[in-house]
Amino acid sequence: MNEYINPTRIVTERNVENSGNILENNTVQAVFNDRNCIKIKSGGYILLDFGIELNGGVVVTIQSVSASDTKLRIVFGESVSEALSDFGKKNSGNNHSVRDMTVDAVFMSTQRFGNTGFRFVKLEAVGGDISVRCVKAEPDIRDIKYLGNFECSDELLNRIWKTGAYTVQLNMHEYLWDGVKRDRLVWIGDMHPETSVIGAVFGDDECIRKSLDLIRDNAAADGGWMNNIPTYTFWWIIIHHDRYMHTNDLEYLKQQRDYMIVLVEKLADIVEKDFEDDRNSDALFVDWSSKNQDGEIEGVKSIACIALKCLKKMLEILGEDEAAKKCGIYHSRLKEEKADDNIEINNRIAALTVLAERNSKKSLDKTLSTTEYEMSCFMGFYILRALSMIGNNEKALELIRRYWGAMLELGATTFWEEFKPDWAENAARIDEKVPEGKDDIHGDFGEHCYERYRLSLCHGWASGPTAFLSENIIGIKILEPGCKKLSICPNLAGLEWVNADFPTPYGIVRIECRCVDGKTKTHITAPDEIEIVT
């Protein structure tokens, strides 16, 4: 039997009788009378809140209609304002999923409508009255066990960890998507925060492999870069490396051998030419927050540097010594070529130079000076990691609280495609109607490909803090494939205590940390097969 979710409240209504009945746990089965139904009069509507972002649709039981040609308009929204929007206004539309539809209102029927991301649903009667017995959400969410966990003395960080994990879970289907409303696609260059969260929370999942192979096969067929962007191919390499280190899945790694050797030549060629072929094209891309800026080349070089290091290690494991040696040569070239201080870079690009160990003093200082106003939902993950790498977890935690915490304050139950703190200065929450004089955080902002209601409010690339908290605060580093050897060096950054579970192929590693008299006391429980270095 399908699992249904009842609406938690009525946000607003117009010309509806007995509206409170819709919150009762009524059966989805039509019967022979209108008792316990609500009546939506022609031109009226009711807006329901299901309490949390979902992926799926709604099941509507219609008891009766006043005319045979009556229609039911169903509008899904990730925010109240989106669910109340008119098609085409403020960029409201059906992008990658149908979220605004008008269907026949069939008497004594139970039907499922929609396959999208939503929290709010508006039902509107068109051309006649509609008696509705029941409305329930029918979620399509992967039933997967949370193996990893993170709890600490800061309840806000705990909420952020859980929200990031849930955001990724909603995007785990046969393939790993960017978003459940818009961008229900495999964008390999966006996936690394998501795959990092999967490793920390779920251990592994087949949607990663299927997504990696889908993009590889499409790129190999036309001989180009994945998604036609060089850095997306670099991220494909990095994701493969991270997954292999976590799982020790050598058989799967062997399946990548031929294509990885092809990539050695492509990487060598692009580095040899100093990325000149792509400098004036959209292919030279780190992320939207840096697009077409002069310093973007430093970000591209830094991601390439990290990818070459990862590719070298995997090819050594596969016994491809010559190809691995070539990777080493070009990795060293990029690493030794420090960030060019004559090129102005933003904080996000600066963080990438730190992670690639090719930062200058200027890019290091810029990373350290980052505020929440210089974060982005995707690249923020790498700023956090760079800060931790240079020993400043305190700053990283403060950015998490201020940036991702601000989304929760605005009513978020999943993390968004993009957010800027100045959007929130005069904004209403996403779970309320926008009062006069307030900004619509969803419908008034956004940029690039995510303007206004096209903006996704459930985007997997924004989930980075979940992986960061599980790995960097606990200080977990995988030293040997399959987690056979782990380094665990906690840096609680002012937290009083932290308890964490970290999934491995051999079972759960349990870490309990307490700050006592200014020192961190750590107790670790691990499977016998795993060596722990502290």
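Buried means under 20% relative accessible area, exposed means over 50%, and partly exposed covers what lies in between (1.4 Å probe, protein chains only). Helices (H or I, at least four residues) and strands (E, at least two) are DSSP runs, numbered from the N terminus.

This is a predicted model, in which local features need pLDDT of at least 70 and side-chain atom pairs count only at pLDDT 80 or more, while totals for chains, interfaces and linings use all residues. Residues are numbered from 1 along each chain as its sequence is written, and side-chain values use heavy atoms, with hydrogens and water left out.

**Helix α14 and what follows**

- The buried residues of α14 are G464, P465, T466, A467, F468, L469, S470, E471, N472 and I473.
- After α14 comes G475, which has a positive phi near 75°.

- S388 sits in helix α12 (residues 380–389), and with a relative accessible area of 17% it is buried.
- Leaving aside neighbours within four places in sequence, S388 is in contact (heavy atoms within 4.5 Å) with N393, F468 and N472.
- F468 and N472 are among the buried residues of α14.
- The side chains of S388 and N393 are joined by a polar contact of 2.7 Å; such a contact is a pair of N or O atoms within 3.5 Å, where within protein one must be able to donate a hydrogen and the other to accept it, and residues adjacent in sequence count only if both atoms are side-chain atoms.

**L492, a buried loop residue**

- L492 belongs to the loop between β13 (485–488) and β14 (497–504), and its relative accessible area of 4% makes it buried.
- Its contacts, apart from neighbours within four places in sequence, are L397, I473, V498, C513, C515 and T520.
- From C-alpha to C-alpha, L492 and C513 are 8.2 Å apart in space, and they are 21 residues apart in sequence.

**Two helix pairs**

- Two packed helices are described by the angle between their axes and the distance between the axes.
- Axes here are lines fitted to C-alpha atoms, for helices over the stretch in contact, and angles run from 0 to 180 degrees between N-to-C directions.
- Helix α2 (residues 155–170) packs with helix α13 (residues 393–409) at an angle of about 65°, and their axes are 10 Å apart.
- The two helices α2 and α13 are therefore roughly perpendicular to each other; the classes are roughly parallel under 35 degrees, roughly antiparallel over 145, roughly perpendicular from 65 to 115, and oblique for the rest.
- The crossing of α2 and α13 is left-handed, a term for a near helix turned anticlockwise from the far one by less than a right angle, with right-handed used if clockwise.
- On the α2 side, L156, L157, R159, I160 and T163 meet L397, I400, R401, W404, G405 and L408 in α13.
- By class, the residues of this contact of α2 with α13 are 7 nonpolar, 2 polar and 2 charged, where Ala, Val, Leu, Ile, Met, Phe, Trp, Tyr, Cys and Pro count as nonpolar, Asp, Glu, Lys and Arg as charged, and the others, Gly among them, as polar.
- Helix α7 (residues 257–272) and helix α9 (residues 321–336) have axes 10 Å apart and pack at about 25°, which makes α7 roughly parallel to α9.
- α7 and α9 cross in a left-handed way.
- V264, E265, A268, V271 and E272 in α7 meet A323, K326, C327, Y330, R333 and L334 in α9.
- The contact of α7 with α9 has 7 nonpolar, no polar and 4 charged residues.

**T61 in strand β2**

- T61 is part of strand β2 (residues 38–65) and counts as buried at 0% relative accessibility.
- A polar atom of the T61 side chain lies 2.6 Å from the backbone oxygen of V28, and a polar contact of 3.1 Å links the side chains of T61 and T110.

- N248, a residue other than glycine, has a positive phi near 60°; it lies in the loop between α5 (230–247) and α6 (250–254) and is partly exposed at 28%.
- D274, also a residue other than glycine, has a positive phi near 55°; its place is in the loop between α7 and α8 (296–317), and it counts as partly exposed at 28% relative accessibility.
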